[in-house]
Amino acid sequence: MKPEGKKRIWSDYQKEMADDKFFYVRSCIRQSFFPGSEQFFLNLMRNILGKDVYENPAHTTCTGIGYHSDIVLPATIMTVIARHFALMKEAGYKNIVISCVTSFGLYTEILETWKHFPGELEKTREYLWKATGREFDIPETVAHTSDIVYKFRDPIAEKAKVSLVDSNSGKPLNVVEHIGCHYAKMFPKSGIGGAEFPRVLSGMIEAWGGNVVDYPERRHCCGFGFRQYLVQANRGYSVSNTEKKFSSMKPYKPDFVLTNCPGCNMFMDKWQYTIKELEGISYGENGESIPILTYEELAGLVLGMNPWDLGLQYHMVQPEPLLRKLGIDFDPADKFRTKDGRQMPVPENLINA
Amino acid sequence: MENLYELLEQDIRFEEGLNACMNCGVCTAICPAAEFYNYDPRKVVDMVQGKDNSEIESLLKSDTIWYCGECMSCKTRCPRGNTPGFVIMALRTLSQRLGYFTESEKGRQQFAIKRTVGDNIFKYGYCAATYAVNPSMHPEQGPIWEYILENSDDVFERLGGQINGIGTGPLRKIPEEALEELRKIFDVTGGTDFFKSIEENSKRKAAEQGIQFSPSGTDNDYFVEVYTANSNNHTGNQE
């Protein structure tokens, strides 16, 4: 049946996502800075939701940071991504799920390019065959890992042990969501809600009891800017854009920021430290900084996971003020312990500690 | 001299990115780079669509094309369906192909990116990896980063990762056969030659400037120079 009326108008903002059987590819930044997030996504999918998610250890970087800092050519990145499609085909999967917004943007860009320039698709097939002897199929569905968490936000809410509510006042927490530019600004149809009404994070926040904060610079870039961060001389660009965002959100008193992209998560955490060091400025209440969470970390907290198994202690901005607000009963003594319970050194000079 | 506009047209990103710009300036209004740098994507696109060879050559040798952060916010907002960010990417690739990137302070930085991100790709199979983010080059990572590096095996073990381990998991060792396939992809697609061209042009420039250069790594004066040099002429209202 063809959708009509409002349903037709909004159909452009919907996204088809698979329900099961995913081929998983990791993010260079997420696995380097937030390994607990990637592992919790797999735990959530496999053990809590009972889904089939396959990872092949032979997948590599997509080379996206190199591509967007202009040292990697289009033909190269297309062929690297085609190799991932080949690994997926060989394993018998048709739905790819990607842990990185930069990669996700590139997968969508490349699939779109192949539609408009079929000659490029043919060239890529030849390059991949010549380099590796592999062949690939176009995936049936392409999702960012947050798309899948969004899809299962209600089943997660049904299992929730923690709600995004201030345990003292009973009011919903104020949450800033940061989507990340490459999720839907380039190819709006690939993202849930498109570029105008992104729902991927706000849908999770509302389903889990929080209040989504709107503020003037809500859609401004986090400031990464690829070469503008990678080269030390350019980092003024990066920190200035982050400062612009935080100054804009500060009056709305967010309890935490939820991010979509691993790079944004790292920058919004680390630049708060830098700005505090350089200027003595904090953006939270009572001189505190604002905790920055990945959606996997948030889903883990909502489901009652131990915050120290998720890796929240390895951000610069520490989570204790937020954990107390949420009424989470955490063990401070367990924070810097190894997997087998051995005490590790305790780091100094962290924020909100 | 070659027709630079025709060379740009060979890049599919240019073909997709520039249809007909009417100079409205919406891209500049939304641009995070224009906010802080002497940068105006509207002017760049207008210069390019003028097809004047010497104007395009001056762009390819300028700092201007290196200010964009490739956030691609301009793509969403252009009322004509152009993507100034794609035009910039095509200009940057051509600037490096022709060796013009060494003529500007911001362009010379491509050498630093090749020696960090580029070398990481070949060595580890990752663009970025925990062990490749050196705290002395990244003071903004703060004390937690030094702590993570000093305790990385314990940190990763608790969080389910396995630095350089065999099998699946965060920061696993990419198998040697996979690294070899990655390198072969760079070879057959021109990516390895592109790296070589960045290296050779940078070596030439270092000699011209009388700055010490070494064939690998970051421990040489030319790397430090391009990684840190800032003339402080990039912001404000200078024309």
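# Notebook: chains A and B

I began with contacts in chain B: of those with a separation of 6 or more, 60% are between residues 24 or more positions apart. I count two residues as in contact if their C-beta atoms, placed from the backbone, lie within 7 Å. A note before going on: this is a predicted model, in which local features need pLDDT of at least 70 and side-chain atom pairs count only at pLDDT 80 or more, while totals for chains, interfaces and linings use all residues. Residues are numbered from 1 along each chain as its sequence is written, and chains are lettered from A and ligands numbered from 1 in the order in which they are written.

**Chain B overall.** I looked up its secondary structure and found 15 helices and zero strands. Helices (H or I, at least four residues) and strands (E, at least two) are DSSP runs, numbered from the N terminus. Along the principal axes, the C-alpha atoms of chain B fill a box of roughly 55 × 40 × 40 Å. Of the 239 residues in chain B, 48% are buried. For burial I use C-beta atoms placed from the backbone: a residue is buried if 20 or more others lie within 10 Å of its own, exposed if 12 or fewer, and partly exposed in between.

**The core.** Which residues have the most contacts inside the largest nonpolar core? They are I81(A), L258(A), A33(B) and V87(B), in a core of 177 residues. Helix α5 (residues 74-91) of chain A gives the most to this core, with 10 residues. A nonpolar core here is a set of buried Ala, Val, Leu, Ile, Met, Phe, Trp, Tyr and Cys residues joined through C-beta atoms within 7 Å. I then listed the partners of V87(B), leaving aside neighbours within four places in sequence: F14(B), G17(B), L18(B), V44(B), V45(B) and V48(B).

**Where the chains meet.** I found 72 residues of chain B in contact with 74 residues of chain A. On the chain B side, helix α10 (residues 110-124) gives the most, with eight residues. By class, that side of chain B has 38 nonpolar, 22 polar and 12 charged residues. My classes take Ala, Val, Leu, Ile, Met, Phe, Trp, Tyr, Cys and Pro as nonpolar, Asp, Glu, Lys and Arg as charged, and the others, Gly among them, as polar.

**Domains of chain A.** The domain assignment gives domain 1 (19-146) and domain 2 (153-334); such bounds come from an automatic or database assignment. Taken over C-alpha atoms, the centres of the two domains are 25 Å apart. I see 26 residues of domain 1 in contact with 30 residues of domain 2. On the domain 1 side, the elements giving two or more residues are α2 (28-33), α3 (35-48), α4 (64-68) and α6 (101-116) of chain A. That side divides into 13 nonpolar, 10 polar and three charged residues.

**One sheet in chain A.** I traced an open sheet of four strands in the order β2-β1-β3-β4, with parallel pairing. Strands count as paired if DSSP finds at least two bridges between them. β2 (53-54) and β4 (141-144) stand at the edges with a single partner strand each, so one side of each is left without a neighbour in the sheet. Two bridges join β1(A) to β2(A), and F23(A) has Y54(A) as its bridge partner. α6(A) lies across β1, β3 (95-98) and β4, at about 155° to β4(A). Angles run from 0 to 180 degrees between N-to-C directions, and axes are lines fitted to C-alpha atoms, for helices over the stretch in contact.

**Another sheet in chain A.** Here I read an open sheet of four strands, β6-β5-β7-β8, also with parallel pairing. Its edge strands are β6 (211-212) and β8 (292-294), each pairing on one side only. Four bridges join β5 (residues 174-178) to β7 (residues 256-259), and V176(A) is partnered with V257(A). Helix α11 (residues 200-207) packs on this sheet, touching β5, β6 and β7, with its direction about 160° from that of β5(A). Helix α15 (residues 295-302) touches β7 and β8, and makes about 85° with β8(A).

**Positive phi.** I checked K21(A), a residue other than glycine with phi near 65°. K21(A) sits in the loop between α1 (5-11) and β1 (22-25) of chain A. Is K21(A) exposed or partly exposed? K21(A) counts as partly exposed, because it has 13 C-beta neighbours inside 10 Å. N164(B), not a glycine either, has a positive phi of about 65° and lies in the loop between α12 (152-158) and α13 (176-188) of chain B.
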